[in-house]
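Welcome! Take a moment to look over the sequence and the 3D view, and then let us walk through some salt bridges, an interface and a helix together.

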Amino acid sequence: MSLLLFITVITLSLGITTSMTVEESKTLVGAAEDAGYTRVWLGEDIFHREVFTYLSLLAAGGSSIGLGVGVTSPYVRYKEVLAASAKAVSELSQGRFILGLGAGGLPEVERLTGSRPRKPVSVMEEAIKDLRERTGLSIYVGARGPRMLELAGRVADGVILSGPKRYLDRALEIVDEASEGRRVRKVLWNAFYLGENEALLSKVTEVMLQSMPPFAKDFMDRRDPERDLCVAGPPERVAREIRGFEKKGFDEVVIGPPYGETPESAIAEMGEIIGDRHKH
Amino acid sequence: MEIGININGDLSFSRIEEVAPLIERLGFTHIWVGESAHFKHPFPVIASIAEWTSCIRVGSGIISYFFNRPLHIRKAFETLVEVFGSRFAIALAPGDVNSLRAAGIEPARPLKRLEETLSYIRESGLLGDTPVYVGASGPKMIALGSRLAEGVLLNYAHPEYVEWALEQLSQRTYVGVYAPALMVPDKKRERAALFAAAYVAAGSNPVFQRQFELEEEVASIRRILARGDFSALADKRELLFERFLIAGSEREIMERLRVFAGMDVDQVILGAPFAYNVNALDAIARAL
């Protein structure tokens, strides 16, 4: 019986960030909704648009898809403000909201708060407990280092992962071990590109490497970092990779930037590919 | 004189979706959304009101620059202006000292922080003609606000108090009068109105209290609020209704608005719980 609980059918969600205009995002969200995606994750770029205002515009505009912050940092807002904002978006989206927390790009946090974030793991643990108590919401954690992964496994409702494939295997192990059989949902958010565009993938990979902690970097496939860090390629290849993630135990894969040559059609096409696969 | 209406994040979104378009249809000029530790945060409320109305100006009235980082205040409005154009207003204030302290925030050097927040917001370049006002009740804040911001929103309901506050302006600027309001009789909302007024009185400025010999009354109201002794507030009903609320029949409220217009006030904001009674909204809109 217990095995059955862990058999998952991977679902798709859309990844957008506050560096994109709301108008742009609304088009993509519409495409994802039509294609049967589970939810939209909005990543907060600290110095871009305000994340809860942004989500509210998506929710109040009549979108019925699930919404999540993926992620915001507990360092950048007082917990009262974070709770009052998250509760509001949850009500506005009729309960289809997940609060994703991550220590955040530490240099950005430092630039904002004027001091280097200390003790991110214990700050995060306290934030999860506090916000869960204040809001009653599902809380996911964007985790990378081993201690944060362990924390996510132990207390979060879900974990959002990104990084090289062998790292992901290790990360899932740590989460599973810490969860002691408790259900922790697993979301993969690596760069995504439907189609071929080597130049763009190299650029994206370079950006990802800049913010990758050493623990994850150690697992890199240095011969082909692009393929290791991006879910990319023609439809068959991407479908095969997603099937691989499903086997590893992921519940959800994020179709995020840079999407494909035409983001809207890449999002729609992915819906067809994964939807079809489910039917067969 | 413009008439604005305040609604807060204590209303459900489904209620906000009904009331906000009604306020716009009735011809009021602004919807102001307040902030409190007990309400939904103002940004989602302002964003959804903007989505559900078409041209009325929507403002944060007020938002605390201690509770919220200036970054987030600026970014929230930049996000809104980018989508809807210039139909917003920002009103800043330090916020309620007791709530701030309860959250572990010490509101140190409020005037300096206001100055910094104002200049940070001004640097944006992405806010169109979004005015930034300062919510004020003390003489220093009124003076600074009138000098540095596009205007001040005075947290007073009584003409005598407003007259005193106007004397504190360092220069003539846009002036709003922002007070809790209630059209009576309204048994259902009287308690909420009494509380709103009690919080304004309890948070009032010491210089103002001395000027109007209110120190003892304010101290006693503070004790009542701290004890949570709601029935004791009823003993203060007369003072609170007379001095800290814009309350009365339709005729009396209209009379109060005329007095403010005569004092060259630019906007009166009828604060919650006024708008929670649709008939009151309707009556005042027709009378205007």
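A salt bridge here is a side-chain nitrogen of Lys or Arg within 4 Å of a carboxyl oxygen of Asp or Glu. This is a predicted model, in which local features need pLDDT of at least 70 and side-chain atom pairs count only at pLDDT 80 or more, while totals for chains, interfaces and linings use all residues. Residues are numbered from 1 along each chain as its sequence is written, chains are lettered from A and ligands numbered from 1 in the order in which they are written, and side-chain values use heavy atoms, with hydrogens and water left out.

**Salt bridges**

Over all chains, a search of the whole structure finds 38 salt bridges. The table shows four of them.

| Pair | Closest N to O distance |
|---|---|
| D251(A) and R185(A) | 3.8 Å |
| R15(B) and E18(B) | 3.1 Å |
| R49(A) and E82(B) | 2.6 Å |

Where do D251(A) and R185(A) lie? D251(A) is in the loop between α12 (235-248) and β10 of chain A, and R185(A) is in strand β7 (residues 185-188), 66 residues apart. Helices (H or I, at least four residues) and strands (E, at least two) are DSSP runs, numbered from the N terminus. A residue is buried under 20% relative accessible area, exposed over 50%, and partly exposed in between (1.4 Å probe, protein chains only). D251(A) counts as buried because its relative accessibility is 3%, whereas R185(A), at 32%, counts as partly exposed.

In chain B, R15(B) and E18(B) share helix α1 (residues 13-25), three residues apart, about one turn of the helix. An α-helix has 3.6 residues a turn, so residues three or four places apart point the same way. Back in chain A, a network of salt bridges links E125(A), K129(A), E150(A) and R154(A).

**Where the chains meet**

The contact (heavy atoms within 4.5 Å) takes 30 residues from chain A and 26 residues from chain B. About 2300 Å² is buried between the two chains, with carbon and sulfur atoms giving 66%; this is the accessible area (1.4 Å probe) that two parts lose on being put together, summed over both. Three salt bridges cross this interface, and R49(A) forms one with E82(B).

On the side of chain A that touches chain B, the elements giving two or more residues are α2 (22-34), α3 (51-60), α4 (79-92) and α5 (106-113). Of these, α4(A) gives the most, with eight residues. A84(A) sits in helix α4 of chain A, and at 10% relative accessibility A84(A) counts as buried. Leaving aside neighbours within four places in sequence, A84(A) is in contact with F39(B), K40(B) and H41(B).

**A helix in chain B**
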